There are 4 protein chains.
Amino acid sequence: MMKAAAIVQSPWSLNQKPSHYPYKSDLVDGGGFNLSTFKGSSIKIQTTIFPLQKQPHKLEVRASIGNTFGNLFRVTTFGESHGGGVGCIIDGCPPRLPLSESDMQVELDRRRPGQSRITTPRKESDTCKILSGVGQGSTLGTPIAVSVPNTDQRGNDYSEMALAYRPSHADATYDFKYGVRAVEGGGRSSARETIGRVAAGAVAKKLLKIQSATEVLAYVSRVHGVELPDDVVDHEKLTIEQIESNIVRCPDPVIAEEMIKAIDMVRLRGDSVGGVITCIARNVPRGLGSPVFDKLEAELAKGLMSLPATKGFEIGSGFSGSKMTGSEHNDEFYIDDSGNVRTRTNRSGGIQGGISNGETIVMRVAFKPTSTITLFPWLRQWWH
Amino acid sequence: MMKAAAIVQSPWSLNQKPSHYPYKSDLVDGGGFNLSTFKGSSIKIQTTIFPLQKQPHKLEVRASIGNTFGNLFRVTTFGESHGGGVGCIIDGCPPRLPLSESDMQVELDRRRPGQSRITTPRKESDTCKILSGVGQGSTLGTPIAVSVPNTDQRGNDYSEMALAYRPSHADATYDFKYGVRAVEGGGRSSARETIGRVAAGAVAKKLLKIQSATEVLAYVSRVHGVELPDDVVDHEKLTIEQIESNIVRCPDPVIAEEMIKAIDMVRLRGDSVGGVITCIARNVPRGLGSPVFDKLEAELAKGLMSLPATKGFEIGSGFSGSKMTGSEHNDEFYIDDSGNVRTRTNRSGGIQGGISNGETIVMRVAFKPTSTITLFPWLRQWWH
Amino acid sequence: MMKAAAIVQSPWSLNQKPSHYPYKSDLVDGGGFNLSTFKGSSIKIQTTIFPLQKQPHKLEVRASIGNTFGNLFRVTTFGESHGGGVGCIIDGCPPRLPLSESDMQVELDRRRPGQSRITTPRKESDTCKILSGVGQGSTLGTPIAVSVPNTDQRGNDYSEMALAYRPSHADATYDFKYGVRAVEGGGRSSARETIGRVAAGAVAKKLLKIQSATEVLAYVSRVHGVELPDDVVDHEKLTIEQIESNIVRCPDPVIAEEMIKAIDMVRLRGDSVGGVITCIARNVPRGLGSPVFDKLEAELAKGLMSLPATKGFEIGSGFSGSKMTGSEHNDEFYIDDSGNVRTRTNRSGGIQGGISNGETIVMRVAFKPTSTITLFPWLRQWWH
Amino acid sequence: MMKAAAIVQSPWSLNQKPSHYPYKSDLVDGGGFNLSTFKGSSIKIQTTIFPLQKQPHKLEVRASIGNTFGNLFRVTTFGESHGGGVGCIIDGCPPRLPLSESDMQVELDRRRPGQSRITTPRKESDTCKILSGVGQGSTLGTPIAVSVPNTDQRGNDYSEMALAYRPSHADATYDFKYGVRAVEGGGRSSARETIGRVAAGAVAKKLLKIQSATEVLAYVSRVHGVELPDDVVDHEKLTIEQIESNIVRCPDPVIAEEMIKAIDMVRLRGDSVGGVITCIARNVPRGLGSPVFDKLEAELAKGLMSLPATKGFEIGSGFSGSKMTGSEHNDEFYIDDSGNVRTRTNRSGGIQGGISNGETIVMRVAFKPTSTITLFPWLRQWWH
């Protein structure tokens, strides 16, 4: 039964908006109701409708911050999915670093939705503009503000939309915390807030490259059950071209094909899959990271686990390293021809005692499957 | 051959950076030497000695911080393994929370080394003392300083010791960063710095318990290859008594026995093993966590990955969740009898969109095997 | 002699640090030269030209931050005087506060240059635009980004301008710190960066008003030698209308006239004057401020002394209070009719022990005369 | 009448402790009472007794932090006046700085109460002990914990004491904020918390001296009405010996005598006086301070205004500078013989645009008279 279409179009305004207290229904015959199986579909969708509460609710003042990352190179992102735009301020970038919109645009283009059939269909040009902090083609040492207007704004008429808690989305918890549904397309929980991160990341990458020839690369190492074996990619030789050579961004073309097939199979029936990203940093200066709480792997874990949909983080030997003995796991030191201290193996993943040792940092991040799933294409408008 | 005893006073350097401790070498015939296989042992030990540079080195001013965690409930730890003592300052604890040394001492006793044959043999009483912030048995709202003197200080005469970079220890990286070997027993990289964390954690646990009946529990779920299956422990009913019922702290007595056997087998030959800890938080208030960068799972990841020897972190479904499809992974909402919003499953691990939803938070942390391994018991005095 | 027009393209350096802008000198006969007295003027202007160094300078990485204020209600400002625009991000504003551009615009209009003959002649419309954080007329609890484009950009062709260290401006120190002259109109040292503060301040004022009926008002209490006596303004009854009733913003019309005369007298000969602002906060909730380092008066001092051109700060009795004895200075407690704890006098200025006590907070801030002074109106284009 | 002796000995416990609600007296005939004039004394003392509230008050959880100062060199102080002890943790001190207790002890001895008749009579030895962060006579780069036990604890039996709000003390506001009277001698509002600051300051002074030959000196420039004229002290030549040459720490012996007389006159009748401290910093590296919010003068203002009893702050020309015109106020640049950029005058006080320019930083801080005043010596036990 087409209960999806029946999802209530309950008007909701902020003035009468309650917070996370239970709601009494005024459209449903007693209590909430579950939306279950659809004819002709093998997917089970569940949406619970929470009726609107009548009593007015005085202004809550539970605020919170958490939109800033970093101490000396500090990034604050802003913007919701369906507001005016998204962006960031980068504070602490040293002066006289050559910088322009194109440095960021190339990364934003890599991120852009609608670029292939396997990604979100949303159409955004995601064109960035630098508002401050750059003069004569170089940074001034002052805050760099970057703005990326939202152009594709689906389903703007939200007063008409069903306002239900979509399973595994942030709707419920945002409501618990803010008393605001952040109707605007999932608000800050939307993946569009990562645009500000990507723009700032572009600046950081450039700085690291110029400063110490450090490179940061990431690729898809698993999609659903299709996994890239450990010994296929040589991290010392990996290039961005290898990664960008296919739409799933896996450096091995054979595995890449299998990954695309796996995604297609699931996508066409409206479902989604998860996977794992491997991220490396090469030529990392030694000595980064501050025990005890700001150990480098701890900061990296926080940064990566703050991305949407992440469920796990590993560095070096990760969970499999916990199955080794000490004599198997230890990385031997030796001095190379240039007189540098090196390790023969790298189960530490480039970090020991919370501080980088100069070896390549290797991390893996697990992503759960996207919560936004659909039955039929024409229903897509209600989702994100 | 007893080369282990011969690892002694070899001057070393790191490129051109000496520390400020003089070493007298008496075994080296110019330059460093490698210590490799020992007769009668299956363990291969490698220690490289780095010769000391002659020129004095002007005062470096590379400082760093990283000894503080938290914004509103803020903990700063201090203390090295072989200095006067360790401890912490807790700032931001609300006033009028009943508190005394005994609240912390019970947790420190759980942590104490030398409590069973399977842990470090070091003998410390680890008795804490509150220096400030408490009056008449309750907190005053002012900083709570806690001090735990070091009593067992092995091998104090470090000028006699070999000062080589122990493989996979923090020696090398501490030297890279600080130009200081932190000879005092591994300094801040030693596990003894966790004493300050445990003391502060005791205060936090009490506060959470009184404020919202929140409980935090952790147990060993894997040692080397011996693993507790997922469905054995019921997180809603788990108690501290179950965890404390055996020396390996695994709630299932049968698996616990196998774990102890696995440790014994490896320990007696001087090697070490890694494993996994599962940590849960029950009755968590909803609404904790601040997107985007301070998502609750990101903060938890940072806190846990800042512990010594950690190599991986998972929340909820973790890495295995990345193998599911969206329809398999999503947690259904429903309203329970008390009118609360609940989820039927909990693959999210109690956190959605970076904010707690009230369900139990479930995390797993992977620990690599300890880097400190020994050949023979009598050599143990030189290690940690 | 018209040496003012002759201050032009002289290469300069600071020890050996050039900026990255090329300058062509055409007036200097080797080395720098001083510009001293002008015929027909009683003003002595001095500008020193520093010769430019030849050797290239490798990329400095001395960065710094300092563009953020606040912990829970956190403001980051961006923008230079002659870049694309200025603005701010406000993080931590609670959700569901009614907010729109007009709330900020009214404050920006009060600040706008060119509004009267006694202020800077620059013509800016200073129209703000909210980029994020507001939906359906209320805040969402997410970061609020505000952008104010620069429209009047005088003297854009800076390669032609004299690039000397203007006395008492920030040119020299910016150069010391960043190696960048921040040619764009004084960059971040320009008063235009206060636009971001004013926009954020408008949001804070609204929040305080709604939350606790707190009001914040400021007025000019001294200009040069013309001073408003202490007993003229009743702080409990002061209104914004009284303050806005004249162009110098002094609540007493008679003194206001004298102030305007004093400014005119000095302005017409190209000089500037300083003065004092008195700022009050009424109906402040009790209990704000955190000993020891974040005492409320310390935070206020930091905020106010971070404004351009400030040279002194007082709270309550200020410097004159230091001339009293304890028995003269103490504020007596009493209980008023509503049962509230009050003080009969308020030499404390509303803060005791670093915490607000509910009485009106009274502060005074001293501003030095503007460093930007001119000989003749037509020269004004080279200055700010 | 000896009502002072009649100050109520109302038992007070934390369990029935209300917060800032009015108390009902059980010794006074209805309502509070004022303690007014004493026979034979010209001082008027007022103390209001607030009756104790009966209803229990549930546990407040209003916590706050504010016990930490600094970003890269970070100090957290702890300790109350009548608890176990006071101290600090210094985080971020670079490694290999020679340091021992004696470096701090010399400063603590300068601070110690009871050192002369004109200071507080409390007898404390204030002996500090380093608990961590130092090894072999040098810093390790890890947190330095310093502890100073309280030895003189007057009037320990507080359950017997009257618990009234002493005028102009922090009693009332601490109660408003924390719901805790901080009976222990004024708790954190006591001047004893400055011990931690002094210990940390000793480390900072040593570091600055070694790093850049920077010196920090402070002296008393005004006591009550006795003022040191501006031109008497040459800041470029001032020495610590000149300052320490008399008990009032004024570098001019003649003025010092008048100051001592002024204090004596007031002290003997149980009253107190305020004054002004002038503080200078010589050989300050150029480039310190971060516009816009962390301007150097703003940070200095915050640090100094966080000291107990401060009411005003000035830098450079201060309030008097606001009476000058621009042409009078500007500091001319010139290049000295070594090729350094210097200013001929220093009304800026060493800071321009929020950044240090290398000239001596000159600040003045106004202190109100101490709130603790007494009638007769034998009453002193009830006060602090």
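Analyst: We may begin with helix H7 (residues 296-305) of chain B: seven of its 10 residues are buried, so the helix is largely enclosed by the rest of the structure. Buried means under 20% relative accessible area, exposed over 50%, and partly exposed in between, with a 1.4 Å probe and protein chains only. Helices (H or I, at least four residues) and strands (E, at least two) are DSSP runs, numbered from the N terminus. This is a predicted model: local features need pLDDT of at least 70, side-chain atom pairs count only at pLDDT 80 or more, and totals for chains, interfaces and linings use all residues. Residues are numbered from 1 along each chain as its sequence is written, chains are lettered from A and ligands numbered from 1 in the order in which they are written, and side-chain values use heavy atoms, with hydrogens and water left out.

User: Which residues of H7(B) are buried?

Analyst: They are B:Leu296, B:Glu297, B:Ala298, B:Ala301, B:Lys302, B:Leu304 and B:Met305.

User: And strand S4 of chain B, how many of its residues are buried?

Analyst: Five of the six residues of S4(B) (residues 74-79) are buried, so this strand is largely enclosed by the rest of the structure. Strand S3 (residues 68-69) of chain B runs antiparallel to S4(B), and two bridges join them; strands pair if DSSP finds at least two bridges between them. Within that pairing, B:Phe69 has B:Val75 as its bridge partner. The S3(B)-S4(B) hairpin has four residues between the strands, and B:Gly70 there takes a positive phi near 105°.

User: What joins S4(B) to S5(B)?

Analyst: Six bridges do, with S4(B) and strand S5 (residues 85-91) of chain B running antiparallel. B:Phe78 has B:Gly87 in S5(B) as its bridge partner. S4(B) and S5(B) also form a hairpin, with five residues between them.

User: Moving to chain A: what is the strand order in the five-stranded sheet?

Analyst: The order is S1-S2-S3-S7-S4 in an open sheet with antiparallel pairing. Strand S1 (68-69) and strand S4 (129-130) of chain A are the edge strands, each pairing on one side only. S1(A) pairs with strand S2 (residues 74-78) of chain A over two bridges, in the antiparallel sense, and A:Phe69 stands opposite A:Val75 in S2(A).

User: Which helix lies across S2, S3 and S7 of chain A?

Analyst: Helix H3 (residues 194-212) of chain A does, running at about 35° to S3(A). The angle is taken between N-to-C directions, from 0 to 180 degrees, with axes as lines fitted to C-alpha atoms, for helices over the stretch in contact, and contact means heavy atoms within 4.5 Å.

User: Is A:Asp126 buried or exposed?

Analyst: A:Asp126 counts as buried, at 0% relative accessibility, whereas A:Arg111 is partly exposed at 21%.

User: And what about A:Arg364 and A:Glu314, how far apart are the closest N and O atoms?

Analyst: They are 2.4 Å apart in that salt bridge. The pair links distant parts of the chain, with A:Arg364 in strand S16 (residues 361-367) and A:Glu314 in strand S11 (residues 310-315) of chain A, 50 residues apart. A:Arg364 is partly exposed at 22%, and A:Glu314 is buried at 8%.

User: Last topic: how much area is buried between chains C and D?

Analyst: About 7900 Å² is buried between chain C and chain D, and carbon and sulfur atoms give 59% of this; buried area is the accessible area (1.4 Å probe) that two parts lose on being put together, summed over both. Across this interface there are four salt bridges. D:Lys302 forms a salt bridge with C:Glu299, with 3.6 Å between the closest N and O atoms.

Note on methods:
Salt bridge = Lys/Arg side-chain N within 4 Å of Asp/Glu carboxyl O.
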